[in-house]
Amino acid sequence: MDQGYPFPVVGVSACRKIHDVFPGHWAAETYMAALMAAAACATVIIPAMAQRGLPDGAVEGIVARLDGLMLTGSPSNIEPHHYGGMAFDGDLNDPDRDATTLPLVRAAVGCGVPVFAICRGIQELNVAMGGNLYQRVHETPGRRDHRSDKTKPKLERGEYRHKVTIKEEGLLRTILDADTVTVNSLHAQAIRDLAPGARINAVADDGTIEAVDFPGSLGFVLGVQWHPEVLHEKDFCSQSLFLAFGQAVHAYASSKIISLGRLAAE
């Protein structure tokens, strides 16, 4: 991998959580560990602060300083008013994260910053770009229960669960060069209607969309519904996803250095 720009910086989305009475911003270490191991990228956690009030241009300023954006999974759901859905009682929501990630996605995709979206992240990607979601996949006729098996210990819930079929055209096919891959499954929601410009890259046997890209985008944009970060230490396909994202991040960072050099020479 080109080390001309030694440590590209990837922003990692965080959830806002209350510990005791103190709010904080949290992202699982596995996401950063997978990216650092596979792609030699530095990471910074982006706090979910937008709903608390950010100055005009703050989101664009954050994106301008990043070489990549990784959207993490979460137990929380995107609030349905963002895509015209009906509110559900008892949902675990994170409006602070919604207010932060949705504009971040639009800004990153708009200027070509590489984006890798995982689980909740693929849902954020689709909603931010104009699509919508199934709010309860397991209550949808013909669909399986994609939620994690709560009868198992937490460390075992991210193990392999089912196969997905990879479409012949798409970024995922280019990365994995495979017809199928076995993935884990820890989600209750999923893409219903694709955002304009999105392309299906993989589906489960029940028709649930498992991966998308945006072929008309300026840069690398990939979303997967499963959790490759959980399997990255032992799973070649998971490693390949982080490596491909890392290569896109390094290339983007190098292009910024070249552009700055040209400006300085003028």
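**Aromatic pairs, burial and backbone in a predicted model**

Author: The structure holds 3 aromatic pairs, where rings of Phe, Tyr and Trp (its six-membered ring) pair if their centres lie within 6.5 Å. This is a predicted model, in which local features need pLDDT of at least 70 and side-chain atom pairs count only at pLDDT 80 or more, while totals for chains, interfaces and linings use all residues. Residues are numbered from 1 along each chain as its sequence is written, and side-chain values use heavy atoms, with hydrogens and water left out.

Reader: Why is the pair of Phe-116 and Phe-242 called edge-to-face?

Author: Planes under 30 degrees apart count as stacked, those over 60 as edge-to-face and the rest as tilted. The ring centres of Phe-116 and Phe-242 are 5.3 Å apart and their planes stand at 80°, so the pair is edge-to-face.

Reader: What makes this pair a tie between parts that are apart in sequence?

Author: Helices (H or I, at least four residues) and strands (E, at least two) are DSSP runs, numbered from the N terminus. Phe-116 belongs to strand β6 (residues 115-118) and Phe-242 to helix α7 (residues 236-265), so the pair ties together parts that are 126 residues apart in sequence.

Reader: Why is the pair of Phe-116 and Phe-245 called tilted?

Author: The angle between the planes of Phe-116 and Phe-245 is 45°, with 5.6 Å centre to centre, and the pair is classed as tilted. This pair also links distant parts of the chain, with Phe-116 in strand β6 and Phe-245 in helix α7, 129 residues apart. Ring pairs link Phe-116, Phe-220, Phe-242 and Phe-245 into a cluster.

Reader: How do you know whether Phe-116 is buried or exposed?

Author: The classes rest on relative accessible area (buried is under 20%, exposed over 50%, partly exposed in between, with a 1.4 Å probe and protein chains only). Phe-116 has a relative accessible area of 0%, so Phe-116 is buried; Phe-242, at 0%, counts as buried, and Phe-245 is buried with a value of 0%.

Reader: What makes Gln-135 count as buried, and which residues is Gln-135 in contact with?

Author: Gln-135, found in the loop between β7 (133-134) and β8 (162-166), has a relative accessible area of 12% and is therefore buried. Leaving aside neighbours within four places in sequence, the residues in contact with Gln-135 (heavy atoms within 4.5 Å) include Pro-80, Tyr-83, Met-86 and Gln-189. Gln-135 and Met-86 are 49 residues apart in sequence, and their C-alpha atoms are 8.7 Å apart in space.

Reader: Which value of phi does Cys-119 have, and which does Asp-177 have?

Author: Phi of Cys-119 is near 55°, a positive value in a residue other than glycine, and Asp-177, not a glycine either, has a positive phi of about 50°.

Reader: How do you know that the radius of gyration of the protein chain agrees with that of a compact globule?

Author: The radius is taken over C-alpha atoms, and the globule rule is 2.2 Å times the number of residues to the power 0.38. With 266 residues, a compact globule would have a radius of gyration near 18 Å, and the protein chain has 18 Å, so the two agree. Buried residues make up 51% of the 266 residues.
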